[in-house]
Amino acid sequence: MGNLLKVLACSDLEHGPIVFLDFEHAQPTEAETAVWNQVSAVLEEAHGILAELQSYNGAGQEIREAIQNPGDLQLQEKAWNAVCPLVAKLKRFYEFSLRLENALRSLLEALTSPPYAPMQHLEREQALAKQFAEILHFTLSFDELKMTNPAIQNDFSYYRRTISRNRLNNQQLEAENEVNNEMANRMSLFYAEATPMLKTLSNATTKFVSENKTLPIEDTTDCLSTMACVCRVMLETPEYRCRFTNTDTMLFCMRVMVGVIILYDHVHPVGAFAKTSKIDMKGCIKVLKEQPSNSVEGLLNALRYTTRHLNDDSTSKQIRALLQ
């Protein structure tokens, strides 16, 4: 197998290293196998989770009829029977976020461990870098679908109201065995977030940094900024873009770039938008804006609304104007 990541000499450092990271064909080396297998078991579920979320239609009609006819027990039962399997789905999505959090932690440990620098890690652990990218791609894909589907919160709110009402009437519903009150509270906090999966990863990355006090924070943030740089250069360089064999790889690369920018902005003390940031934010935003707006609007919104430091005084007017 040829080098997945090639770092060539670059005469113009302003534009960053010239790189090509093949997100399509990486295979694990023997040293990567243990972590790769653990993360792979989680990622195998990701496609099915996205498919389920994409086909999630909700129980809006049944809920409306039940609310409009509170005395009709048949309609109440119909709405309840429609909502319960949907809430079981939402529970599966939430539980998957916890497994994804553990997978991310394993990858961060592998990709930031001494004595190697971030670029060396990407060269040595190419398959793990690809898995890190796949987690980010899944995360932004999930959140884009969730943000455009109000039925999720409507269904869950109706479920919780019904449980509370029945508890007041001393009635125990069978569905409570699957989603008890503690689980419902945790799910409620998760789905209240505009971008719940991204919030999970941001919290997990911040926790990873705070718990690993012997590991300099720069080891983690440099790993993220290097990934952002790799993606940006690949997207803005025609000779690299033409190597993509799958038409979806462009969008994959853009999602990964935005994902690592957001994680960097949450973990780094001054964030991704400051002049001292190791991420070329102007370059990254310009690359996104060169694509058809329907394919990148969700990603631009993620930068606008889910980063922490965009509205800091240290953010230049130029960058703010680009995200207007």
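Trainee: Of the 324 residues of the protein chain, how many, as a percentage, count as buried?

Mentor: This is a predicted model, and in it 51% of the 324 residues of the protein chain count as buried. The chain has 14 helices and two strands, and residues 24 or more positions apart account for 75% of its contacts with a separation of 6 or more.

Trainee: Which residues have the most contacts inside the largest nonpolar core?

Mentor: The largest nonpolar core has 98 residues, and those with the most contacts inside it are Phe132, Phe138, Met187, Ile261 and Leu288. Helix H3, residues 73–112, supplies the largest share of this core, with 18 residues. The core also draws at least three residues from each of domain 1 (30–135 + 146–194) and domain 2 (216–323).

Trainee: How should I read the packing of two helices, and at what angle do H3 and H7 pack?

Mentor: Two packed helices are described by the angle between their axes and by the distance between those axes. Here H3 and helix H7 (residues 181–192) pack at an angle of about 75 degrees, with their axes 10 Å apart, which means that H3 is roughly perpendicular to H7. From H3 the contact is made by Val87, Leu90, Lys91, Phe93, Tyr94, Glu95 and Ser97, and from H7 by Met183, Arg186, Met187, Phe190 and Tyr191.

Trainee: And peptide bonds: which two residues does a cis peptide bond join?

Mentor: Most peptide bonds are trans. In this model, however, a cis peptide bond joins Pro114 and Pro115, with omega at about 5 degrees, and Pro115 is placed in the loop between H3 and helix H4 (118–124).

Trainee: Which residues of H13 are buried, and what covers them?

Mentor: An α-helix has 3.6 residues a turn, so residues three or four places apart point the same way. In H13 the buried residues are Val296, Leu299, Leu300, Ala302, Leu303 and Arg304, and what covers them includes helix H5 (126–147), helix H11 (249–267) and helix H12 (281–289). Helix H13 itself, residues 293–305, has 13 residues and spans 17 Å from first C-alpha to last, close to the 18 Å expected at 1.5 Å a residue.

Trainee: Where does Phe142 sit, and is it buried or exposed?

Mentor: Phe142 is found in helix H5 and is buried, with a relative accessible area of 0%. Not counting residues up to four places away in sequence, Phe142 touches Ile49, Leu50, Leu53, Phe93, Pro196 and Met197. Phe142 and Ala46 are 96 residues apart in sequence, while their C-alpha atoms are 9.3 Å apart in space. His137 is also found in helix H5; with residues up to four places away in sequence not counted, His137 touches Phe252 and Arg255. The C-alpha atoms of His137 and Leu251, 114 residues apart along the chain, are separated by 8.8 Å.

Trainee: What does Thr206 touch, not counting residues up to four places away in sequence?

Mentor: Thr206, found in helix H8 (residues 196–211), touches His266 and Val267 on that count. At 35% relative accessibility Thr206 counts as partly exposed, because that class lies between the buried limit of under 20% and the exposed limit of over 50%.

Notes
Residues numbered from 1 in each chain as written. Predicted model: local features only at pLDDT ≥ 70, side-chain atom pairs only at ≥ 80, totals over all residues. Heavy atoms only, no water. Core = buried A, V, L, I, M, F, W, Y, C linked by side-chain atoms within 4.5 Å. Buried < 20%, exposed > 50% of the residue type's maximum accessible area, 1.4 Å probe, protein only. Helix = DSSP H or I, 4+ residues; strand = E, 2+ residues; numbered from the N terminus. Domains from an automatic or database assignment. Axes fitted to C-alpha atoms, helices over the stretch in contact; angles between N-to-C directions. Parallel < 35°, antiparallel > 145°, perpendicular 65-115°, else oblique. Contact = heavy atoms within 4.5 Å. Expected span 1.5 Å × (residues − 1).
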